[in-house]
Amino acid sequence: MSFFESLWSIIVAFFFVAYLILLFQIISDLLRDKALSGGVKALWILCLFVAPFISALIYVIMRGKGMALRSEIRVRESVEEAENYIREVAGAPSPTQQIEAAKALLAAGDINEAEYARLKELALA
């Protein structure tokens, strides 16, 4: 096998894997989209299997912006769920605990009276 045949094989393999990633991205976007009916989803999937390259290109052109928005919404929701879970597990300190911690910092001389008052206001807010 010559160098150019090997290079060509690598290029073809790259584009094939890129196409498969795009295909799975399109199918997952189709199945998660609540705005489309089941018949339209089935038609898109049928088109993806009958004429894969053309229908994938048409899907990305027609619905690409919506794909990005739906993906962004999913990411935001998952980040929000993770943050809520972390807050729940970590257990946020109560206002009383926050004020006690600020009072300990004041007694140690790490903060001054104005900073203590500000921390107290934040804890009670």
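Predicted model: local features only at pLDDT ≥ 70, side-chain atom pairs only at ≥ 80, totals over all residues.
**Ground rules.** Local features need pLDDT of at least 70 and side-chain atom pairs count only at pLDDT 80 or more, while totals for chains, interfaces and linings use all residues. Residues are numbered from 1 along each chain as its sequence is written, and side-chain values use heavy atoms, with hydrogens and water left out.

**Overall fold.** I looked up the secondary structure and found five helices and zero strands. Helices are DSSP runs of H or I with at least four residues, strands are runs of E with at least two, and both are numbered from the N terminus. The radius of gyration of the chain is 27 Å, whereas a compact globule of 125 residues would have one near 14 Å. That radius is taken over C-alpha atoms, and the globule rule is 2.2 Å times the number of residues to the power 0.38. I noted a C-alpha trace spanning about 75 × 50 × 25 Å along its principal axes. Of the 125 residues, 18% are buried; buried means under 20% relative accessible area, exposed over 50%, and partly exposed in between (1.4 Å probe, protein chains only).

**Salt bridges.** I searched the whole structure and got four salt bridges, each a side-chain nitrogen of Lys or Arg within 4 Å of a carboxyl oxygen of Asp or Glu. One of them joins Arg70 to Asp29, with the closest N and O atoms 2.8 Å apart. This pair links distant parts of the chain, 41 residues apart: Arg70 is in helix H3 (residues 52-90) and Asp29 in helix H1. Asp29 counts as buried because its relative accessibility is 2%.

Arg63 pairs with Asp33, the closest N and O atoms being 2.2 Å apart. Arg63 sits in helix H3 and Asp33 in the loop between H1 and helix H2 (38-50), so this bridge ties together parts that are 30 residues apart in sequence. I checked burial here too: Arg63 is buried at 16% relative accessible area, and Asp33 is buried at 5%.

Arg70 also meets Asp33 in a salt bridge (3.8 Å, N to O). Through shared partners, Asp29, Asp33, Arg63 and Arg70 form one network.

**Surface patch.** I recorded a nonpolar surface patch of about 920 Å², made by Phe3, Phe4, Leu7, Trp8, Ile11, Val12, Phe14 and Phe15. Patches take residues with over 30% relative accessible area and no salt bridge, joining like charges within 9 Å and nonpolar side chains (Val, Leu, Ile, Met, Phe, Trp, Tyr) within 5 Å. Accessible areas come from the Shrake-Rupley method with a 1.4 Å probe; for residues, only the protein chains shown count as cover. Phe3 lies in helix H1 (residues 3-32) and counts as exposed, at 58% relative accessibility.
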